[in-house]
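Work through the two exercises below with the coordinates open, and try each task before reading its solution.

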Amino acid sequence: MTIRVLVVDDSGFFRRRLCELIASHPLLEVAGSATNGQEAISKAESLKPDVITMDYEMPVMDGITAVREITRTLAIPVLMFSSLTYEGARVTLDALEAGAIDYLPKNFEEISRNPDETRKLLCERIILVSRSRPNRNRPSIAATTAKAMPPDRAVADSKRRHSAASLVVIGASTGGPMALQQVLVNLPANFPVPVLLVQHMPGSFTKAFAERLNRLCRVSVAEAEDGQTLQAGKVLLAPGGMQMVLDGRRQGTVKVISGDERLNYRPSLDLTFGSAAREYGSRVLGIVLTGMGADGKEGARMLKEQGAKIWAQDEQSCVIYGMPMAVMRAGLVDEQLDLAEIGQRLCEEFN
C-alpha cells in the first residue's frame, strides 16, 4: 500500500528536493506540499496524508504550532526537520512534546553530497513513522506526575515490597524522549537508587535533552561524563554518539567511550545492559521503552542470566513497538506495563 506524504517547508529548494527523493521510492507518494504551518493544517485536512514532513521555522505559522494542531485534530504522524545544533535540539524536543513522532537533520550539504544515502534514510524514516501511533491526547507534565499513595496502601506496599535492585537502567529509541520524560517526572527527589538512561539520539541533542529533563523532574538529571560516580536520585543520560558502560575497575562509576564503530547504535542499550549485568548482577532493574529495532534484547538476556528483573512498555502505549517486542518475544520480560504506569510502579518498587 502506498504511503502518501505531505511535505511542509518554506524553502523552495528543500521542498522540491524532498518531493523528488520521496517520489523516487516505490512505496511512497507525494500527496502535496505546503509553505507554512497554516497551509499545512489546511492541506492535511483536505488531502489526509499518511505522514507529514515538517520544517519548524516558517512564516505565518511555525512548525511546532502546526504539529500541535495536526496532532490534536487529525492524529497524522509528523516527521520533523531540524538543525543539528543545541538550539535545534531544543526546538526538536518542543516539537516532540507537541506531538511529532521523530526527527531528521535539515542538512542541505548532505543532500548534495550523499543523495543516495539521504534518500535511503529519509524514506526509511517516513515508512517507520507511518507505522507509529500518534498520541492526540498527550498528557501534560502536571497530568503525568504520580499522585501520592494513600497512607494505608503505602504502608501495605512497604511491608510487601522491597526491591533487590540497586540500579535502574532504561533504554528507548523512537518515541523515547517523551516516554522517558513521562516516566521520570513521577520520581521523587529522594529516589533511592541511581538511574542510567540510553536514548538513541545525536550527540548535539543529548545535552539539551538532559537539561530539559533536569528542569522538569524532581530527580537530578545530567548528561553522563567519563568517571562520574553513581548516586541515589541522580539520573545520567548517555551522550549521543558515545557508549556509556559501568567501569569494571572503579565500582560505582561510569565510563563514557567512543565504542566500536561497527555498532549500529551509539549509545547502545545492549552495551549498557551488558556492563550492568557484569558489575551489578541481579541487582539491576532494566526497562525497555518504545523504539525501532531490537537494541537491548541481548543485554536483557545477559541481565536475566544474572537474575535481574526486566520490564517492558506494552504495545498499546508505544509509539513504535520494536525494542519492547524484541525482549518480549525472547521471553525476557518480568512485567509488561503501560507507559503511564511505569513511573508509579518504580516508586512502589523502591517504596
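**Exercise 1: the sheet and its helices**

Strand S13 (residues 309–313) and S14 run parallel and are joined by three bridges, where strands are DSSP runs of E with at least two residues and helices are runs of H or I with at least four, numbered from the N terminus. This is a predicted model, in which local features need pLDDT of at least 70, side-chain atom pairs count only at pLDDT 80 or more, and totals for chains, interfaces and linings use all residues. Residues are numbered from 1 along each chain as its sequence is written, and side-chain values use heavy atoms, with hydrogens and water left out.

Task: find the bridge partner of Gln-313 in S14, and then place the helix H9 against the strands.

Solution. Step one: Gln-313 has Leu-337 as its bridge partner in S14. Step two: helix H9 (residues 176–184) lies across strand S6 (167–172), strand S7 (195–199), strand S9 (234–237) and S13, and runs at about 160° to S7; such angles run from 0 to 180 degrees between N-to-C directions of lines fitted to C-alpha atoms, for helices over the stretch in contact, contact being heavy atoms within 4.5 Å.

**Exercise 2: the cysteines**

Task: how many disulfides (pairs of cysteine sulfur atoms within 2.5 Å) does the structure hold?

Solution. Step one: the structure holds zero disulfides. Step two: the sulfur of Cys-123 is 12 Å from the closest cysteine sulfur, in Cys-19, which is too far for a bond. Step three: Cys-123 is buried at 1% relative accessibility, and Cys-19 is buried at a relative accessible area of 19%, where buried means under 20%, exposed over 50% and partly exposed in between (1.4 Å probe, protein chains only).

Conventions:
A disulfide is a pair of cysteine sulfur atoms within 2.5 Å. Two strands pair if DSSP finds at least two bridges between them.
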